[in-house]
Amino acid sequence: MTGSLAAHDLSVRYMTRHGSVEALRHVDLEAHPGEVIGIVGESGCGKSTLVTAMASLLPDNARLQGSIVYGGVDLATLDAHRRRQLRGNEIALVGQDPMTAFNPVLTIGDQLIDFQHHRRDLSPAGNAAPIAVMLERVGIADAGRRMASYPHELSGGMRQRIAIAAALLTDPGLLIADEPTTALDVTMEAQIIHLLRELRQTYNGIIIVVSHHLGVIAELCDRVYVMYAGEAVESGEVNAIFHAARHPYTQALLACDPARFPQKLDRLPTIPGSLPSLTEPVAGCLYAARCDRVLPQCRTTRPPCVDLGAGHVARCHAVIP
Amino acid sequence: MLAYTLKRIGLGLLILTFVMVAMYAAVFLVPGDPATVALGPRATPELKRMLTERMGLDQPVWWQIVEFFRNALTGNLGYDVWSNRPVSTLVMEALPNTLILGLTALAAALLIGVPLGCLSVVKRGTIADAVIGVLSVSVIAVPSFVVAIYSLLVFAVALRWLPAIGAGEAGDFASQARALILPAFAIAFGWIGYIARMVRASMMEVMGEPHIRTARSFGLPEWKIVSKYALRIAIIPTISLVAVGLGSILSSAVFVEAVFARPGIGKLITDAVNTRNYPVVMGTVLIMTAIYVSITIAADLLIAKLDPRGRDVFRG
Amino acid sequence: MSSAAEASGTYPDRQRFPLLGALLADPFTCIALVLVVGFLVTALLAPWLAPYSPTKIDVLHKLQAPSAAHWFGTDHLGRDLLSRIVYGARTALMIAIVSVAIAGMIGLLLGIVAGYGPRWLDGLLVLVFDSLNSLPMIMFALAIITVLGAGTGTLIVVIAATSFPSYARLIRAQTLARRTSDYLLAGRLMAASAARIVFIPLLPNVVGPLIILLSMDIPVVIMVEAGLSFLGLGVRPPTPSWGSILYDGYTSIRAAPYMVVFGGLPLVLATLGFTFLGEGLRDYLDPRLQAGEPS
């Protein structure tokens, strides 16, 4: 089944010993089958929380408000059992760190077969064959031997590819890749990006890629959401975001990317200040303290979403259409 | 794997040798010569001479030690001072009873303790978890012979449901099984709590690891995650501790056998101690140590097999 | 076990006695503290608390059920059970303190020697420690008792001999760590004496884990003493010991079941108290350490 995804006014709070942490504030997100959506932002901006909420894997101390509608059903209203039915079935998640993603005492094959439990069409006996085929598709040679291996016998890049294969095998309508290249070195990163790009040709569901690496997002995605401190501050087509960014944070972020500079600099540009504390309620714009175009109303009222045409939206007081 | 196995066995043999030497040397620490000590007030010069000869004490020390090792390696651990029966025979007669008791207790403790620990994890944070937690700590604190006596009082004397004494009729499996219940329970009692606690702690740690999240993200049911994905890893430290604790189980067996008047190593050794029958004591200790060391080695090897990560880098 | 404190996210009023505050926060540790203090008080004030002499034989009144005159009844020799139990606490405490102190000192000494001395000596000592740990403890104890004869002195030797390896290991680990660390080098540069280099940095770091080990060992020692006395291999009669009281109850179990009930109770309460207290202490000082095994 493939369907559209629409998160509306999504907020997530974690209840901890030190108070409640607002990890996500009133986020709106939309995705349609065949699209590759990117979610970019620095560490702690809430990107992982967003996709964790979509995969309904939030921990017990999380409180969710708003809605996540997928294929016509609001995931936030489902009970635990129904949510579990969707995981590994309609919604597949590829995690951040391939080195710790797999159980160390079970073989890869054993785990992959288990992961396909939702697919009734693959009886236990026949299970191995389609798995081997998929492994070859993602570039794992000698799939049979790999399936009998333990995770620690394989490299990080291989494990990440296997994780992607496992996700694809479940035939999901929504595939989420959470920082797919962060833990890998440059050559492996290139391979994974290549793999994901090839995937676009054959896969007709929604792909969501989360990364703090601007290059990866630029290579892979059709549309991008830029996040800061739990909010979606700008969103739009990839070209619009990367070449015509309007939100001060996005602009500052792009300006900091060392890849942009043709020659060496003595000092790399940074964004002054640091992330606001997520445990205290904030009035106004969360970026106000660090913004170079801050206006008086930025500190008092929450910035509105400004429509800049062709799906490009920025949440800022200082942006005029 | 092979190198590690050999290394462990080598270490075990070394320890065993050391124990043997220490045990034998201890005899010479005895104030007065062993024969007098063994005979006590009945020591007439003649009996003393006979005993000294029999125990080989009139030979030079180095000869005695060499003889001892030579004999031990061929299975001859000396003779019972009083009945002149070979020590090894006495031990082999008594051993099966104790082993049955110990293994039954261990099996019971695992069969009850492990599921209890898992239950604790699945229901973490609830009242059930808290109750299991408190009970677990409490039962560990109570010594096994106290449990033995209290259960004897309640089940055998007051309620008369189970036999108070003995190991049942030879050849009658049912009566032997009935006689096994209370003693095995007395030993297992504390272990149930300990194992439940260990399993819970271990599981909680494993359940927080990223690979469990992966399994969850594929929608695997919680029971499968607990039993297949988490338990296999979490059980490893439990096995290690249980193996080490086997010595403790054997110790408990000594007391429990005394309380329930069961034949076994416990009775053998306590009688020998009371009559200063040193060859029997020494022989028993050596055999029990050998068994115990073997179990520890087996447990280490089992862990190495279960956890493929550790095989190459085991520090032993 | 200090879950109440954990859950509320705050520790109680720390003020001048932070440890006490933390301990009192958890209900179980409170009860444990009461039990342990009760045990210590009973043991120390035994002569004043016991209504009768524990060894006074009065065969005419043997095996009497609890009554106003004898709160716990009398044993098979007519001795007042309550008095015997009170004095039994004294025996237990005395043996526990002496043997643990001796074990601690031996462990400290050998641990330092192993850690700071030549490699071959260290290897040998580690072999000794491992061997002692390899023996089922009771076997070792019985072997020593055979050689030395049963009695209070032997008991202390046995307990000390089986306990010291764990202390020695701890001290050795700490010593080894200090041996190669920077302030050792600094000490050498300042030409400080070997003793100063080893002891001064060592002791403060060792005190915490050592106290935990010691406090966890006390209930074990009490149980071992009771167990061996039960088998008739511990303290010699007529010295009252909880173990021998239990044995007397065991032999008279049908005639006087109350003996078993009352005889076992102090043992259970004392060990429970020490165990929960040890847990509380451990939670406070170092939550990473594991609890001990059952016996």
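Analyst: In this predicted model, helix axes are lines fitted to C-alpha atoms over the stretch in contact, and the angle between two of them runs from 0 to 180 degrees between the N-to-C directions.

User: What makes α6(A) roughly parallel to α7(A)?

Analyst: Helix α6 (residues 156–169) and helix α7 (residues 186–202) of chain A pack at an angle of about 20°, with their axes 10 Å apart. Angles under 35 degrees count as roughly parallel, and therefore α6(A) is described as roughly parallel to α7(A). The crossing in which α6(A) passes α7(A) is right-handed.

User: Which residues of α6(A) and α7(A) meet, and how do they divide by class?

Analyst: From α6(A) come A:G156, A:G157, A:Q160, A:R161 and A:I164, and they meet A:M188, A:Q191, A:I192 and A:L195 of α7(A). The residues of this contact divide into four nonpolar, four polar and one charged; the two glycines, A:G156 and A:G157, fall in the polar class because Gly is counted there.

User: What makes up the contact of α4(A) with α6(A), by class?

Analyst: A:P130, A:I131, A:M134 and A:L135 of α4(A) meet A:I162, A:A165, A:L168 and A:L169 of α6(A). Pro, Ile, Met, Leu and Ala count as nonpolar, and the division is accordingly eight nonpolar, no polar and no charged.

User: How do you know that α3(A) is mostly covered?

Analyst: A residue is buried if 20 or more other C-beta atoms lie within 10 Å of its own, and six of the eight residues of α3(A) are buried. These buried residues are A:I108, A:G109, A:Q111, A:L112, A:D114 and A:F115. What covers them includes α4 (128–137), α5 (143–147) and α6 of chain A.

User: Which helices of chain A each supply at least two residues of the side that touches chain B?

Analyst: Between the two chains, 22 residues of chain A are in contact with 17 residues of chain B. On the chain A side, α2 (80–86) and α3 (108–115) each supply at least two residues. By class, that side has nine nonpolar, nine polar and four charged residues.

User: Why are β2 and β5 of chain A said to stand at the edges of their sheet?

Analyst: Their sheet is an open one of four strands, in the order β2-β1-β4-β5 (chain A), with antiparallel pairing. β2 (19–31) and β5 (73–74) each have a single partner strand, so one side of each is left without a neighbour in the sheet.

User: How do you know that β1 and β4 of chain A pair?

Analyst: Two strands pair if DSSP finds at least two bridges between them, and strand β1 (residues 5–16) and strand β4 (residues 62–70) of chain A are joined in the antiparallel sense over eight bridges. Helix α1 (residues 47–54) of chain A lies across β1, β2 and β4 of that chain, running at about 70° to β2(A).

User: What makes β6 and β11 the edge strands of the sheet of eight strands?

Analyst: That open sheet has mixed pairing and the order β6-β7-β8-β3-β9-β10-β12-β11 (chain A); β6 (91–94) and β11 (305–307) each pair on one side only. Four bridges join β6(A) to strand β7 (residues 174–178) of chain A, and these two strands run parallel. The bridge partner of A:L93 is A:I176 in β7(A).

User: Which element gives the most to the side of chain C that touches chain B?

Analyst: The contact takes 39 residues from chain C and 47 residues from chain B, and α12(C) gives the most to the chain C side, with 10 residues. By class, the chain C side has 27 nonpolar, eight polar and four charged residues. Chain B itself has 12 helices and zero strands, and of its 316 residues 41% count as buried.

How values were computed. Residues are numbered from 1 along each chain as its sequence is written. Chains are lettered from A and ligands numbered from 1 in the order in which they are written. This is a predicted model: local features need pLDDT of at least 70, side-chain atom pairs count only at pLDDT 80 or more; totals for chains, interfaces and linings use all residues. Two residues are in contact if their C-beta atoms, placed from the backbone, lie within 7 Å. Angles under 35 degrees count as roughly parallel, over 145 as roughly antiparallel, 65 to 115 as roughly perpendicular and the rest as oblique. A crossing is left-handed if the near helix is turned anticlockwise from the far one by less than a right angle, and right-handed if clockwise. A residue is buried if 20 or more other C-beta atoms lie within 10 Å of its own, exposed if 12 or fewer, and partly exposed in between; C-beta atoms are placed from the backbone.
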